[in-house]
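Please look over the structure shown here, with its sequence at hand, before you read the briefing that follows.

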Amino acid sequence: MHAVPHSAVGPAGILLARLECVRQSGRGWTARCPAHKDRSASLSIAEGRNGCALVKCFAGCDVSDVLRALGLEMADLFPPRPVDTSPGGRASARDAWRQSGWSAALGVLARESLIVSLAARDLADGRTLGDEDRDRLLQALARIDAAREVLT
Ligand SMILES: [Zn+2]
């Protein structure tokens, strides 16, 4: 593991210190997901104004799996003090979350759209997809759906 420069303290800082390939992205960060064989940075990390850390793997890992791989628990995402549940606090967390998610989501779209386009070409040529190709296609569609949720 490498020490990475970042200004986050609290839950997001604890996460970032344990992750690899951390890069600043908007008001958040992207990193390699520790819960699956991540060749790119599928993990998005953001910090809400209330101090809680927001984590999402765009390849579809559960947050609990990501945390387990880092030796952390759900409770580690939250600061010890009460969270800011005011509308302003929630909106700020949502904005930070979306900005860091955009970069990860775009990476997902770039990779997964290639899978879909290869499959589409096979189907257009009258070929049928094998089970493995079909499973991979469905996985690509699910990942694209998750990415689209962030981008729209
Ligand atoms: Zn993952």
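**Salt bridges, metal site and sheet**

Glu-112, Arg-136 and Arg-143 are linked in a network of salt bridges, where a salt bridge is a side-chain nitrogen of Lys or Arg within 4 Å of a carboxyl oxygen of Asp or Glu. This is a predicted model, in which local features need pLDDT of at least 70 and side-chain atom pairs count only at pLDDT 80 or more, while totals for chains, interfaces and linings use all residues. Residues are numbered from 1 along each chain as its sequence is written, and side-chain values use heavy atoms, with hydrogens and water left out.

**Salt bridges**

- Side chains of opposite charge can pair when their charged atoms come close.
- A search of the whole structure finds six salt bridges, and one of them joins the side chains of Arg-136 and Glu-112 at 3.1 Å, taken from N to O.
- Because Arg-136 lies in helix 4 (residues 131-151) and Glu-112 in helix 3 (residues 87-124), this pair ties together parts that are 24 residues apart in sequence; helices (H or I, at least four residues) and strands (E, at least two) are DSSP runs, numbered from the N terminus.
- Glu-112 is buried, with a relative accessible area of 2%, whereas Arg-136 is partly exposed at 26%; buried means under 20% relative accessible area, exposed means over 50%, and partly exposed lies in between (1.4 Å probe, protein chains only).
- Arg-127 meets Asp-122 in a salt bridge of 2.9 Å, N to O, and Arg-127 also meets Asp-125 in a salt bridge of 3.3 Å, N to O.
- Asp-122 counts as partly exposed at 23% relative accessibility, and Arg-127 counts as partly exposed at 47%.

**The zinc site**

- The zinc ion is coordinated by Cys-33 (SG), His-36 (ND1), Cys-57 (SG) and Cys-61 (SG), at 2.0 to 2.3 Å; donors are N, O and S atoms within 2.8 Å of the metal (3.2 Å for Na, K and Ca), and water is not among the atoms, so sites may look incomplete.
- The angles among the four donor atoms run from 100 to 119°, and the site of the zinc ion is tetrahedral, a label given to four donors if all angles lie between 85 and 135 degrees.
- Along the chain, the donors of the zinc ion follow the spacing C-x2-H-x20-C-x3-C.
- Distant parts of the chain are linked by the pair of His-36, in the loop between strand 2 (28-32) and strand 3 (43-47), and Cys-61, in the loop between strand 4 (53-57) and helix 2 (63-70), which stand 25 residues apart.
- His-36 counts as partly exposed at 24% relative accessibility, while Cys-61 is buried at 18%.

**The sheet**

- Strands of a sheet pair through backbone hydrogen bonds, either parallel or antiparallel.
- Four strands form an open sheet in the order 1-2-3-4, with antiparallel pairing; two strands pair if DSSP finds at least two bridges between them.
- The edge strands are strand 1 (20-25) and strand 4, each of which pairs on one side only.
- Strand 1 and strand 2 pair in the antiparallel sense over four bridges, with Glu-20 opposite Arg-32 and Ser-25 opposite Gly-28.
- The hairpin of strand 1 and strand 2 has two residues between the strands, and Gly-26 takes a positive phi near 60° there.
- Strand 3 and strand 4 pair in the antiparallel sense over five bridges, and Leu-43 stands opposite Cys-57 in strand 4.
- Five residues lie between strand 3 and strand 4 in their hairpin, where Gly-51 in the turn has a positive phi of about 95°.

**Cysteines**

- The count comes to zero disulfides, where a disulfide is a pair of cysteine sulfur atoms within 2.5 Å.
- Cys-52 counts as buried, at 8% relative accessibility.

Key. Four donors count as tetrahedral if all angles lie between 85 and 135 degrees; four count as square planar and six as octahedral if opposite donors are over 155 degrees apart and all others between 65 and 115; anything else is irregular.
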